[in-house]
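Please brief me on the side-chain contacts, helix packing and backbone details of this model.

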Amino acid sequence: MTPAFVSLRSVSKTYRSDRATIGALREVSLEIEKGGFVRLSGPSGSGKTTLLNLVAGLDRPDQGEVFVSGIDVGRLSGSRASKYRAEQIGMVFQSYNLIPQLTALENVLLPMIALGRANQGRARELLDLVGLADRSDHNPSQLSGGEQQRVAVARALANDPALVLADEPTGNLDDQSAQRVMGLLTRLVREHGKTLLLVTHERDLQTAQRSLELRGGVLMAAPE
Ligand SMILES: Nc1ncnc2c1ncn2[C@@H]1O[C@H](COP(=O)(O)OP(=O)(O)OP(=O)(O)O)[C@@H](O)[C@H]1O
Ligand SMILES: [Mg+2]
């Protein structure tokens with residue numbers, strides 16, 4: 001059997017402060033095949049963003065293993081983790097994380113610059129795909145929340161990543177824009193063999209191959 005593209009084995013993550021110990025993830029195991037599309041839901045504070053951060057190598061598990069494409073993500077050092085993200089991962093952050101001083105176009109170009117292959121044409125094409133061709137010279141402060149979210153989606157796709165991690169990428173969008181973004185993401189899976197891990201509360205997303213739910217850091221199959 002070929003190993004899964006994304007593999008979490010008994011992963012636990014605990015946040016400790018003076019006042020509280022929070023088990024953000026408890027012995028989470030998950031396998032996603034290459035080209036798989038997994039939808040992840042769960043209440044606020046259930047560990048969804050924590051799980052994406054571990055897969056992206058932005059945080060480390062306390063216990064367990066995180067492997068992506070054969071890479072031991074939980075043990076990558078800082079610069080190797082950055083390289084891993086630039087090469088493999090497209091992440092749409094829940095809070096967008098756009099660089100305020102840069103225009104929409106520059107934000108989309110940034111991941112490409114990190115790999116030494118800036119391509120303005122591609123950046124413009126991606127902004128066009130999310131319906132923002134006419135906003136490329138705006139800074140984030142000049143964009144609405146939903147527009148910033150769409151720039152974040154375009155940026156996540158800049159380096160043609162094998163794995164897209166999207167944290168409620170349609171949370172701030174009207175139906176039409178949401179459908180556009182979802183169409184873009186699902187086409188990546190269907191036509192380009194990309195792997196998608198999508199955090200969403202939308203219930204009408206039938207296209208996912210698998211729906212999972214986190215509850216208090218415990219991963220389970222989502223109820224039908
Ligand atoms: N850096 C941190 N330090 C301390 N506690 C944290 C940290 N990050 C997350 N937590 C806690 O871990 C738990 C899981 O947080 P997480 O952000 O993963 O939830 P979530 O499912 O993404 O929630 P939401 O739907 O609100 O985005 C929460 O109880 C949160 O307060
Ligand atoms: Mg979250």
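The points below cover salt bridges, rings, helices and backbone angles.

This is a predicted model, in which local features need pLDDT of at least 70, side-chain atom pairs count only at pLDDT 80 or more, and totals for chains, interfaces and linings use all residues. Residues are numbered from 1 along each chain as its sequence is written, chains are lettered from A and ligands numbered from 1 in the order in which they are written, and side-chain values use heavy atoms, with hydrogens and water left out. The whole structure holds 8 salt bridges and 0 aromatic pairs.

**Salt bridges**

- A salt bridge is a side-chain nitrogen of Lys or Arg within 4 Å of a carboxyl oxygen of Asp or Glu. Side chains of opposite charge can pair when their charged atoms come close.
- K13 pairs with D59, with 3.1 Å between the closest N and O atoms. The two partners are 46 residues apart: K13 is in strand β1 (residues 6-16), and D59 is in the loop between α1 (48-55) and β4 (63-68). Helices (H or I, at least four residues) and strands (E, at least two) are DSSP runs, numbered from the N terminus.
- K13 is buried at 9% relative accessible area, whereas D59 is partly exposed at 24%. Buried means under 20% relative accessible area, exposed over 50%, and partly exposed in between (1.4 Å probe, protein chains only).
- E147 bridges to R135, and their closest N and O atoms are 3.5 Å apart. E147 belongs to helix α5 (residues 145-156) and R135 to the loop between α4 (120-129) and α5, so the contact ties together parts that are 12 residues apart in sequence.
- E147 is buried, at 12% relative accessibility. R135 is partly exposed, at 26%.
- A network of salt bridges links D134, R135 and E147.
- D160 and K194 also form a salt bridge, at 3.0 Å from N to O. This pair links distant parts of the chain, 34 residues apart: D160 is in the loop between α5 and β7 (163-167), and K194 is in the loop between α6 (175-192) and β8 (195-199).
- D160 has 45% relative accessible area and is partly exposed. K194 is buried, at 12%.

**Rings**

- Which aromatic pairs turn up in a search of the whole structure? The count is 0. Rings of Phe, Tyr and Trp (its six-membered ring) pair if their centres lie within 6.5 Å; planes under 30 degrees apart count as stacked, over 60 as edge-to-face and the rest as tilted.
- The charged end of K34 sits over the ring of F5, 4.1 Å from the ring centre. The criterion is NZ of Lys or CZ of Arg within 6 Å of the ring centre and within 35 degrees of the ring normal.

**Helix packing**

- Helix α3 (residues 104-114) packs against α4 at an angle of about 125 degrees, with the axes 9 Å apart. That makes α3 oblique to α4.
- The α3 and α5 axes are 8 Å apart, at an angle of about 30 degrees. That makes α3 roughly parallel to α5.
- Axes are lines fitted to C-alpha atoms, for helices over the stretch in contact, and angles run from 0 to 180 degrees between N-to-C directions. Angles under 35 degrees count as roughly parallel, over 145 as roughly antiparallel, 65 to 115 as roughly perpendicular and the rest as oblique.

**Helix residues**

- α1 is mostly covered, with 7 of its 8 residues buried. Among them are L51, L52 and L54.
- L110 lies in helix α3 and is partly exposed, at 35% relative accessibility. L110 and E191 are 81 residues apart in sequence and 25 Å apart in space, C-alpha to C-alpha.
- R190 is in helix α6 and is exposed, at 59% relative accessibility.

**Backbone angles**

- Most residues other than glycine have a negative phi, and most peptide bonds are trans.
- S69 is not a glycine, yet has a positive phi of about 50 degrees. S69 is in the loop between β4 and β5 (71-72) and is partly exposed, at 35% relative accessibility.
- N97 also has a positive phi, near 55 degrees. N97 is in the loop between β6 (89-92) and α3, and counts as partly exposed at 36%.
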